[in-house]
Amino acid sequence: MEMRIRFRLNGVVTEVDIEPHETLLNVLRDKLKVKSVKYGCGIGECGSCTVLLDGDPVVSCLVMAAKVDGSEVATPDYIAQTELGKAIVDSMLEEGAVQCGYCIPGFLVTIYAALARGIRDVDEMRKAMVGNICRCTGYVNIVRAVKKTLKRIGSQTPRNAVERPFR
Amino acid sequence: MLSINAFNTYRIPQQLKYFKPGNLQEALEILESVEGAKVIAGGTDLVVDLKYRRVEARALVDISRLSELRFIKLGDGYVEIGSAATIREIAESGVVKEKLPLLAEAAESLGSWQIRNLATVGGNLCTASPAADTAPPLLAYDAELELVSSRGVRIVPLGKFFTGPKKTVIERAEILRSVRVPLTPRTYGWCFIKLRRTSFDIAKVSVAVLLRVEGGFVADVRIALGSVAPTPVRARSAEKLAIGLKFEDAVRVASERVAGDISPIDDARSTAWYRLQTSKVLVKDAMWRAYERFLGAGAWR
């Protein structure tokens, strides 16, 4: 039984036929070919599949695709091209925050969302990133990259490229 | 037992129908008429269970976007929380922070940010995990649940809602509409402590305490625990013995007597012995922290 959903993906209104048992992760990767969203644990523990749903970070492996009909979804590839996303990516590169890299898209989304909400404190940032697991770096360089991003953007709040739902 | 690696967690290996009712009435009708239909809200427990085939379903009824179920309301002498209010909404709600700080503290500690944005209080209670984080605080607050079906409404005290691990009194065609928390006229100190391995792990033991002290004597204390019995539980006998004692004595007595109120088991996360020992210590710690907050007067009213 197919069903059609309509939502805004990275600013673009998107219609896609889905199976009702598919998750948002399934549809993003397999139907819409958004490969920046990663499948890690599949049970909401690792954060690799983090996307923004109506501006909030969620694990797309636990979101039913049918649920996002009428919502706004933003994925790592899109976020990486925003002003704030670029600041995060540059800091990650400079601080060597990436080793195998699998967790990085998820981290990018979470860090982006936390900064876009106005969090400017390193400990608060650490708390925000609790749901993203990295098995290579030991987090030290990731936190360093966060600190560098904080320095880069200072007190200014970059324009949040991810708008509110259009429903 | 199958190792979890025997499962592919990428897809849900079950054919489903998906319903997005426009209102609660419609949701109840679908639930009643469609065989094998299950209610889904945040999905953070259910989708995992569907992937592992721990739950079999034919259809899902999505209630997460129903505005009728997604509210936090301050009434006269109570706070009412819609079952589809997310844990994030609860943790950040000004009403909850001011009136139910014990619940706010537990909500803040639940899962990760990504999970809190999806998970709902209704789902946390209806999944009925012994480790449910919102249950001990709501038990301490003597919360009541409003269950609705096409036949009508019934009110169930939370203390009578859980019947075993993952079991509740909710019937197949019923939906939890809201959680109603009565406010007491007096000030209480509060504390929620959760013992776990990593920062967003499931609790090995959790303790929620509400405390009121008058002239150095305990006027009221409510102690609820998670992960140490088949359901989240109130430590009634420990409470009873502690009330009326000098605070320091009450702490000692409650911490000793809590053993009689719980029945911990060995599982993947911890052992019965460890849970028993730590419950005693956590009751002590939580009572002291609640007392400090009570004296600090930044308290629940």
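How many salt bridges does the rule find across the interface of domain 1 of chain A and domain 2 of chain A? The count there is 0, where a salt bridge is a side-chain nitrogen of Lys or Arg within 4 Å of a carboxyl oxygen of Asp or Glu.

Some ground rules for this predicted model: local features need pLDDT of at least 70, side-chain atom pairs count only at pLDDT 80 or more, and totals for chains, interfaces and linings use all residues. Residues are numbered from 1 along each chain as its sequence is written, chains are lettered from A and ligands numbered from 1 in the order in which they are written, and side-chain values use heavy atoms, with hydrogens and water left out.

Back to chain A, which splits into domain 1 (3-75) and domain 2 (79-153), with bounds that come from an automatic or database domain assignment. Taken over C-alpha atoms, the centres of these two domains of chain A sit 21 Å apart. Their contact (heavy atoms within 4.5 Å) takes 14 residues from domain 1 and 12 residues from domain 2. Together the two bury about 980 Å², with carbon and sulfur atoms giving 61%; buried area is the accessible area (1.4 Å probe) that two parts lose on being put together, summed over both. On the domain 1 side of chain A, Lys38(A), Thr50(A) and Leu52(A) supply 35% of the area buried against domain 2, more than any other three residues.

Chain B comes in three pieces: domain 1 (4-62), domain 2 (67-182) and domain 3 (189-295). The centres of domain 2 and domain 3 of chain B, over C-alpha atoms, are 21 Å apart, and the contact takes 23 residues from domain 2 and 25 residues from domain 3. Here the buried area is about 1800 Å², 64% of it from carbon and sulfur atoms. Between domain 2 and domain 3 of chain B there are 4 salt bridges. Glu105(B) also pairs up with Arg293(B) in a salt bridge, with the closest N and O atoms 3.0 Å apart.

Then there is the meeting of the two chains, with 43 residues from chain A and 34 residues from chain B in the contact. Chain A and chain B bury about 3100 Å² between them, and 56% of that lies on carbon and sulfur atoms. In chain A, His21(A), Leu62(A) and Lys67(A) lose the most area to chain B, together 23% of what that side buries. The rule finds 5 salt bridges across this interface of chain A and chain B. Glu22(A) and Arg11(B) join their side chains in a salt bridge too (3.5 Å, N to O).
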